[in-house]
6 protein chains.
Amino acid sequence: MKTGLFIGRFQPFHLGHLSVIRQMEKECDELIIAIGSAQYGFYDKNPMTAGERMEAIGKVLRKEIKKPFCIVPVEDINCYPKYVSHVESLVPEFDVVYNTGNEVIAELFAAAGYEVRNFQKKVGICATEVRKAIAEGSEWKHFVHEEVFSFLVEKKIDERIRRLMKDESR
Amino acid sequence: MKTGLFIGRFQPFHLGHLSVIRQMEKECDELIIAIGSAQYGFYDKNPMTAGERMEAIGKVLRKEIKKPFCIVPVEDINCYPKYVSHVESLVPEFDVVYNTGNEVIAELFAAAGYEVRNFQKKVGICATEVRKAIAEGSEWKHFVHEEVFSFLVEKKIDERIRRLMKDESR
Amino acid sequence: MKTGLFIGRFQPFHLGHLSVIRQMEKECDELIIAIGSAQYGFYDKNPMTAGERMEAIGKVLRKEIKKPFCIVPVEDINCYPKYVSHVESLVPEFDVVYNTGNEVIAELFAAAGYEVRNFQKKVGICATEVRKAIAEGSEWKHFVHEEVFSFLVEKKIDERIRRLMKDESR
Amino acid sequence: MKTGLFIGRFQPFHLGHLSVIRQMEKECDELIIAIGSAQYGFYDKNPMTAGERMEAIGKVLRKEIKKPFCIVPVEDINCYPKYVSHVESLVPEFDVVYNTGNEVIAELFAAAGYEVRNFQKKVGICATEVRKAIAEGSEWKHFVHEEVFSFLVEKKIDERIRRLMKDESR
Amino acid sequence: MKTGLFIGRFQPFHLGHLSVIRQMEKECDELIIAIGSAQYGFYDKNPMTAGERMEAIGKVLRKEIKKPFCIVPVEDINCYPKYVSHVESLVPEFDVVYNTGNEVIAELFAAAGYEVRNFQKKVGICATEVRKAIAEGSEWKHFVHEEVFSFLVEKKIDERIRRLMKDESR
Amino acid sequence: MKTGLFIGRFQPFHLGHLSVIRQMEKECDELIIAIGSAQYGFYDKNPMTAGERMEAIGKVLRKEIKKPFCIVPVEDINCYPKYVSHVESLVPEFDVVYNTGNEVIAELFAAAGYEVRNFQKKVGICATEVRKAIAEGSEWKHFVHEEVFSFLVEKKIDERIRRLMKDESR
């Protein structure tokens, strides 16, 4: 039995993230999605709280993924040397780490003996881009799953992103 | 749609906890199980890490519960006045709080406008009792679901509990 | 010009505390009341939040004290060696420390060069006693200023203390 | 009875801040001035400690304001979702939030049910400007109340600001 | 080359500790002495600051130990699952852990792949006993190295221990 | 007897740092090297953990310095007003602070009554420069002691620095 771990901030969760998770589903028996920087929210680069991100991701995965998964908020501890054991203490046991371009994370988990698979290209979309599109009022629906689109609009998180990024650019 | 939240330490998850969750399943559409005191582990009163508890609970709920659920580690912040907003920031939106006897938690969530349902009697079993039985080598299998029993034995958490409680009593 | 500092937890503020402050008013030009353990609240030994304590003390001092005073919440840092500089960084400059029996506080501030005046006997009343009387339903009105009495009753903090201490004794 | 809350960093307290407080005095019965980012000091953007800011503001308000006020240091917690309950736990109860342009603060307190009044234009002066004038040695006396001017000069905080900003620009 | 790690609180450093270090010197090429609970001081169970403990231990080891050693303060993080990586991030690389009876520490470092040698009996003396003797005014010179004795007396730490333990017993 | 304190981040320890320590050896009887920002590691500006820095510095000083020294990790507390007492609580008593250009540190320790000696020019080399040379693959051996050079290469910290700085510049 193989368990995969995917760490991201998911601000917001987009189709690139989903394609990594589809790949995990092919290769693993169980999936752990760790929501990093869990303590933040209402910042221009971290507009959604961990609870909101968990709710949005849960809506998508329940529709799209058949294998068992869990979604776990993981707070930043601003101390990389302890990061692997911090994650280990908060999530079920895992075997493979799915990484999308953070080389420090890759190095730390590899040094701790985990297999690390890099998917930077597979992701394609970048969350910064998505937030920028939302803030500028340009088209962003095609970047995300329809469940995420509805959730962001219904909870008025799109408006929050606009306000936060305007604040920032002043 | 109604979402229920159940906060516990689950050291370990026992059949009393499960009976509360069965009740939640009857009354709610979605279930959130919050693992409190998530940062602790390897203490006599908190022998399991949050990750271990999440893994054990997940094994049970996937077998016994049909409705969508999520299991979320929540660290203690040692500051009750901020506890409700701490929980709110980490889990999906919820409507009802299932409480098993912690009157402060009940008071705080009620003050914040949530419906609180108390299930102290329904739980029946007390986790302290279970840990004591494990530590003393008396029968404890009947307190927990078979998945939890296998998990604790396989990961040698029963032995850890014995060692930790012996340490304590010195 | 002389400024006095009085550090207490004020759970709750009682007539013993007030008598120390009256003494300070005779000896100093300005008064600083530091509310220690400010981050706690809803605990059996720390039932009131810092904000509630500040409000209660403010109501009394505005009636009873003529000289300028300020009331400042000071969080515990659980690290005595840094405590003096922690306090110094949060309150206006001061000359004399009024102490009611905490010998560590006395030693630390004296070591930092402050004059320390001890008032253990002057206080007479002990806050633990007051909380116990409230919890047991015996007479407690004579321990506190009438403003504190009204505040505790109106905000139902007396009931909270009862619930918290019952919880504890289980 | 109406209580107003004004949150600022007050690095330093200037005449724009005072004009907001005069407005509060007209509209409220009691005033709470919360000193944000209270744990910082000796940084180029946060040169004064909370204690120094409290002392400076206290000197001004005792001269200029007739209604009861309190000045409360509030540490940053770097976690916006908990910020409202953090503030609530540290200050007396309040009804109206006076805000000078921080849209996140405005959104969070409004979401928590408080009335929020925005005074960005009323403030006019910006503390960054004042620190810059001090650092560059240009005229800055007209930005602040005479009590603040004397305090900064007497405590040599003007020199500290100069040093800190020179450090930064290296 | 072999490096040994010895973790203790050293409140105070006594001859039992020294005998473990002499054993380490026989078995290792380099010695690391980690001062645990480094952030505490001026508490009845943690009377000395980390700096004071480092100074006292340094005076002894410079006289008694020929091999290279270092003494490192390590703060408690109140989170056992991260403790091994916390220690690893603060001290030079090590191979063997010398343990004097803390079974959790032993289990955690063994689980992380370190050799753990237990020396509970070798230590013989218990620091609690030493502090008790100091507090009660009975003979305690024979428990500690002469350098520690002089240091505690000269810095008046013996008097501090007396005051702190009297405070506690009230 | 005179004890000197030298605080630095030592990312990495270079010949400029060593020249300051040689000066300390001439002027003091005992030397304390405090490794600041001890909690960080695996960041582009803080690539080495405190343990790695301690190991590298220890190798150099054991060869080059005859007088007693100790090397102490000191975590940042992001709160300058408490910094002096934070350092005091973690290291042996000291008399003189050796500073290499951080004016805040200089001001804070001077305000606390310590003699501060500034050595900005003496240092000459800047650690940023050394990390940049390593990242760019240009010559860097002449910046550091041979023990540091061997250590960085053997532990592959040079490669880590390259990776981290590449990450940053993306």
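Reply: **Chains A and B**

The model is a predicted one, in which local features need pLDDT of at least 70 and side-chain atom pairs count only at pLDDT 80 or more, while totals for chains, interfaces and linings use all residues. Residues are numbered from 1 along each chain as its sequence is written, with chains lettered from A and ligands numbered from 1 in the order in which they are written.

The contact itself takes 20 residues from chain A and 20 residues from chain B (two residues are in contact if their C-beta atoms, placed from the backbone, lie within 7 Å). On the side of chain A that touches chain B, the elements giving two or more residues are α2, β3 (69-73) and α3 (83-90) of chain A (DSSP runs numbered from the N terminus: helices are H or I with at least four residues, strands E with at least two). Of these, α2(A) gives the most, with six residues. By class, this side of chain A has eleven nonpolar, five polar and four charged residues (Ala, Val, Leu, Ile, Met, Phe, Trp, Tyr, Cys and Pro count as nonpolar; Asp, Glu, Lys and Arg as charged; the others, Gly among them, as polar).

Helix α2 also has a partner within chain A. Residues 50-64 form α2, which packs against α7 (residues 146-154) at an angle of about 150°, with the axes 8 Å apart (axes are lines fitted to C-alpha atoms, for helices over the stretch in contact; angles run from 0 to 180 degrees between N-to-C directions). That makes α2(A) roughly antiparallel to α7(A) (over 145 degrees; under 35 is roughly parallel, 65 to 115 roughly perpendicular, the rest oblique). From α2(A), the contact is made by A:Glu55, A:Ala56, A:Lys59, A:Val60 and A:Lys63, and from α7(A) by A:Glu147, A:Val148 and A:Phe151. Sorted by class, the contact of α2(A) with α7(A) has four nonpolar, no polar and four charged residues.
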